[in-house]
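Dear colleague,

I am passing on a structure for you to look through, with the sequence beside it. Please open it first and then read the notes below, which go through what was found, part by part.

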Amino acid sequence: MTERKPPGVSFESFVDKQIREATERGEFSRLEGFGKPLADEAAPYDELWWIKRKMHREGASVLPPALTLRKEAEDAAEAARTAVSESQLRRILGEINTRIAEALARPPAGPPLRLKPFDVEAAVAEWRRAHPPPQS
């Protein structure tokens, strides 16, 4: 909206014209959230809404490193249970065990870690019981 309101034209009709022309050019259809419902009007106003949205979009975490590693260990345990192969299970648990060992060597800030490396061989034995080889 770079042009100025011409003299003698009411402000309302000038604004309406600008909106109509922008709509015809399709400028409103490219706005973020176009076609999506508006946020809950009854929700309390949050001054940090834009920070939270950016952190969510970028996958940032506000958890202390110890809690983040605990969550990753839980996710790795679940991924290991649903692994499609023994090698995938070993890779998943090997990666998280490396991270746990590093954290145990240099404890991260925050609450106690309360983690120990996974017993890969026990997990493999359990996986083999759950996934018997096909009988031929």
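The largest pocket has a volume of about 220 Å³. A pocket here is an open set of points on a 1 Å grid over the protein atoms alone, with protein on both sides within 12 Å along at least five of seven lines, where a 1.4 Å probe fits, and lining residues have an atom within 4 Å of a point. The volume is the space filled by probe spheres set on the points, which are joined across faces, edges and corners.

Before going further, please note that this is a predicted model, in which local features need pLDDT of at least 70 and side-chain atom pairs count only at pLDDT 80 or more, while totals for chains, interfaces and linings use all residues. Residues are numbered from 1 along each chain as its sequence is written, and side-chain values use heavy atoms, with hydrogens and water left out.

**The pocket lining**

Of the 13 residues that line the largest pocket, Ala77, Ala80, Arg81, Ala123 and Glu126 lie nearest its centre. At least two lining residues come from each of α3 (65-81), α4 and α5 (120-130), where helices are DSSP runs of H or I with at least four residues, numbered from the N terminus. Which helix gives the largest share of the lining? That is α5, with five residues. By type, the lining divides into nine nonpolar, one polar and three charged residues (Ala, Val, Leu, Ile, Met, Phe, Trp, Tyr, Cys and Pro count as nonpolar, Asp, Glu, Lys and Arg as charged, and the others, Gly among them, as polar).

**Helix α4**

Helix α4 has 20 residues and reaches 28 Å from its first C-alpha to its last, close to the 28 Å expected at 1.5 Å a residue, the expected span being 1.5 Å times one less than the number of residues. Its buried residues are Leu89, Ile92, Leu93, Ile96, Asn97, Ile100 and Ala103; buried means under 20% relative accessible area, exposed over 50%, and partly exposed in between, with a 1.4 Å probe and protein chains only. Seen down the axis of α4, these buried residues fall within an arc of 125°, so they line one face of the helix, the arc being that of the directions from the helix axis to the C-beta atoms. On the other side of α4, Ser87 and Ala105 are exposed. The buried residues of α4 pack against α3 and α5, with contact meaning heavy atoms within 4.5 Å.

Asn97 has a relative accessible area of 13%, which is why it counts as buried. Leaving aside neighbours within four places in sequence, Asn97 is in contact with Pro117, Phe118 and Val120.

**Helix α5**

In α5 the buried residues are Val120, Val124 and Trp127. They cover an arc of only 60° around the axis, which puts them on the same side of α5. Glu121 and Arg129 are exposed on the other side of α5, whereas the buried residues of this helix pack against α3 and α4.

**The loop between α4 and α5**

Pro111 lies in this loop and, at 27% relative accessibility, counts as partly exposed. Not counting residues up to four places away in sequence, Pro111 touches Pro64, Ala66, Leu67 and Arg70.

Arg114 is in the loop between α4 and α5 as well, and is exposed, with a relative accessible area of 68%. Its phi is near 50°, a positive value in a residue other than glycine. Most residues other than glycine have a negative phi.

With best wishes
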